[in-house]
Amino acid sequence: MTQSEILERLKKIISQVVGNDQINLNKDTTADGVPGWDSFNHINIIMGAEMEFGIRFNVAELEGLKSVGDFVALIEKRLAAKK
Amino acid sequence: MLFNSITFLVLFLPLSLLFYYLLGCFHMNAAKLWLVVVSFLFYGWWNPQFLILLMTSILFNYGCGYLIQVFEERTRVSSILLAIGIVVNLWALFFYKYLLTLMNWLHDLGLIHAHSWGSVVLPLGISFFTFTQIGFLIDAQSGNAKERGFLEYVLFVTFFPHLIAGPILHHREIMPQFVKKETYLIYWENVIVGISIFILGLGKKVLIADQIAPIADDIFRHTADKHMVEAWVGVFAYSFQLYFDFAGYSEMALGLARMFNVKFPANFDSPFKSQSIIDFWNRWHISLTRYFTLYLYNPLSLWIMRQRTASGLPMLRAGETTWKYFLIVLALPTSYTMILMGVWHGAGFQFFIFGLLNAFYLCINHAWRLFGPKVSKVSGSRLRSWFEGAWGWGLTYLSISIALIFFRAKSTTDAFLLIRSMFGGGTGDSPGGAQGVVESILDYFGVAVPYWNYSNALITLAFLFAFILCLPNVLQLFEKEETSLTKVRSAPAFFSFQWRPNILWGCFLAILALADLLMVTGTSEFLYFKF
């Protein structure tokens, strides 16, 4: 799966979790830049990504997620590890 | 040794810096070793016998982490090693911090009958260096701590700017800085920026926090017999004392690290500007919030979510959340995390209540966001948005001030007595209620009221409010110098300006440094040192 495919699917998850399909997300977007992306919804987004991509994150990895781009890179890494 | 002592300022810091950069010219390992030696000296200055504890803790955790890294591929072995590491660390913390209180409590309940079991002195910074190293072990097990250098590891734990009271660092954000050669070469701009931040932090400690401490101390000494207004002044004064004490410490730590070419994560970002409790905990002791979120809240929250998913229950989207879902998925992990965060600060029952209160506040804040009325930010008028902001700010500050009573009081009883005094139930001879308020106002206008002598305190507190709300914080002042590893959250201040390496700032900081030095007593500990 390419990074842009991952990004598109991740965008859908984030929009659903924060309840706003109008948000403009790109790789540089951070949680601070998205209204409603707080610690509670962060877990919802992580869980959504785990279900969507059939992967499982390590707890220690989650702190390193500073932007949507980091999230995409981590999902890509987990998908590669699954193979 | 204290950052605000003459020995530190005149001898320790200049000599540490001088030999660090001199040795750095020859070999970076020599500079590293020097920094380790001075950091141990810094720690041992207070009580040399605890150096053995610190060294044992470092050796144990390095060994444990090393084995975890070696057995990275064998998950079962590394998980067992991690469990052993965490249990040993928590046992040490429990022994020094909680055992005696527990024994006294069991004795009071009549469950044990021994009369004396000696006393235990709390080693300085034990909560900080223990948590830093538990974080390292968890990171090592999940493959997020790769570097294995022993000298760098010792430096990561002992580096004196963070050893006693944080910020709580992640191995992965500091170790890459310690292995870089450039860290040990002198960059004058870093030294100047570091000194400037340090002077501002020292000013907050000695010129503000230490000056308002007597007001809070006086009122918290006897909480039962307080006049209503006196009690409120005491609560506000303590909130500001703690604020400026911890802001001062965090800035000094940031500045000291910068003098040695090291960047720390932000730890304090104008928390009293917060307009919600959620926002407050993202700005107050940021590295502690980050730690508890990462290693306690996230694992429990994820575990609950995964269990639900495995049972075939759906993950609810925004707008679909039910109260049951909210209680299980959010309120439970929040309460567990915040109560442990409270107890992390100390063994008394008042710290449990401090954590519980904050959990309660956070749950209300989250519940309001999820179930409260949805108002579009775009459609609201500017005036309405200003009032909402002011209401959120006032409510947040007041809630935190009430919680801080439990943080400061000697016991839960003392804390409740002060709260009773705040609502006019004090037992002293001074009148409470509306009469007390009127008399304190009369006093302000020169009408003598014998028991009331806090008019100056009120003016000071009003001035400090304005100081916090209108001026930029250190992270904003030095934003261009990329002071911290993490980004600033605060909106630009009312009076927005930046530090510049020019004569005006030089003169201001020189005068401030002189004032700092004149006010340094060398005896006033930082409030967070006791944790």
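A cavity, on a 1 Å grid over the protein atoms alone, is a set of points where a 1.4 Å probe fits but cannot get out, and its lining residues have an atom within 4 Å of a point.

**Ground rules.** I am working on a predicted model, where local features need pLDDT of at least 70, side-chain atom pairs count only at pLDDT 80 or more, and totals for chains, interfaces and linings use all residues. Residues are numbered from 1 along each chain as its sequence is written, chains are lettered from A in the order in which they are written, and side-chain values use heavy atoms, with hydrogens and water left out.

**Entry 1: cavity.** I searched the whole structure and found 1 cavity of 30 Å³ or more. The largest cavity holds about 40 Å³ of space, a volume being the space filled by probe spheres set on the points, with grid points joined across faces, edges and corners. I listed its lining as Y62(B), G65(B), Y66(B), Q69(B), F136(B), E147(B), R148(B), G149(B), Y153(B), H171(B) and M175(B). By type, the lining has 5 nonpolar, 4 polar and 2 charged residues. Here Ala, Val, Leu, Ile, Met, Phe, Trp, Tyr, Cys and Pro count as nonpolar, Asp, Glu, Lys and Arg as charged, and the others, Gly among them, as polar.

Which helices of chain B each supply at least two residues of this lining? I noted α3 (50-70) and α9 (171-178); helices (H or I, at least four residues) are DSSP runs, numbered from the N terminus. The largest share, 4 residues, comes from α3(B).

**Entry 2: α9(B).** Of its 8 residues, 6 are buried, so the helix is largely enclosed by the rest of the structure. Buried means under 20% relative accessible area, exposed over 50%, and partly exposed in between (1.4 Å probe, protein chains only). The buried residues are H171(B), E173(B), I174(B), M175(B), Q177(B) and F178(B). They pack against α2 (28-44), α6 (126-141), α7 (150-158) and α13 of chain B, where contact means heavy atoms within 4.5 Å.

**Entry 3: α13(B).** N298(B) lies in α13 (residues 286-310) and, at 5% relative accessibility, counts as buried. Not counting residues up to four places away in sequence, N298(B) touches I43(A), L62(A) and T293(B). P299(B) is also found in α13(B), but at 26% relative accessibility it counts as partly exposed. With the neighbours up to four places away again left out, P299(B) touches V59(A), T293(B) and L294(B). I also took the C-alpha separation of P299(B) and L471(B), which is 38 Å for residues 172 apart along the chain.

**Entry 4: positive phi.** Most residues other than glycine have a negative phi. I noted two residues with a positive value. N261(B) has a phi of about 65 degrees and is in the loop between α11 (228-259) and α12 (277-281) of chain B. It is buried, at 11% relative accessibility. H285(B) has a phi of about 45 degrees and sits in the loop between α12 and α13 of chain B. Is H285(B) buried or exposed? At 0% relative accessibility, H285(B) counts as buried.

**Entry 5: G355(B).** I found this glycine in helix α15 (residues 349-371) of chain B, buried with a relative accessible area of 0%. Apart from neighbours within four places in sequence, G355(B) is in contact with M338(B), I339(B) and G342(B). Its C-alpha atom is separated by 32 Å from that of Y153(B), 202 residues away along the chain. Y153(B) is one of the residues lining the cavity of Entry 1.

**Entry 6: helix pairs in chain A.** I turned to α3(A) and its partners. Axes are lines fitted to C-alpha atoms, for helices over the stretch in contact, and angles run from 0 to 180 degrees between N-to-C directions.

The axes of α2 (residues 39-53) and α3 (residues 68-82) of chain A come within 12 Å and cross at roughly 35 degrees. From α2(A), I45(A), I46(A), A49(A) and F53(A) meet F71(A), I75(A), L79(A) and K82(A) in α3(A). This contact has 7 nonpolar, no polar and 1 charged residue.

The axes of α1 (residues 3-18) of chain A and α3(A) come within 10 Å and cross at roughly 115 degrees. On the α1(A) side I listed Q3(A), I6(A), L7(A), L10(A) and I14(A), which meet V68(A), F71(A), V72(A), I75(A), E76(A) and L79(A) in α3(A). The residues here divide into 9 nonpolar, 1 polar and 1 charged.

Conventions:
1 Å grid on protein atoms, 1.4 Å probe; cavity = no way out; pocket = protein on both sides within 12 Å on 5 of 7 lines; lining within 4 Å.
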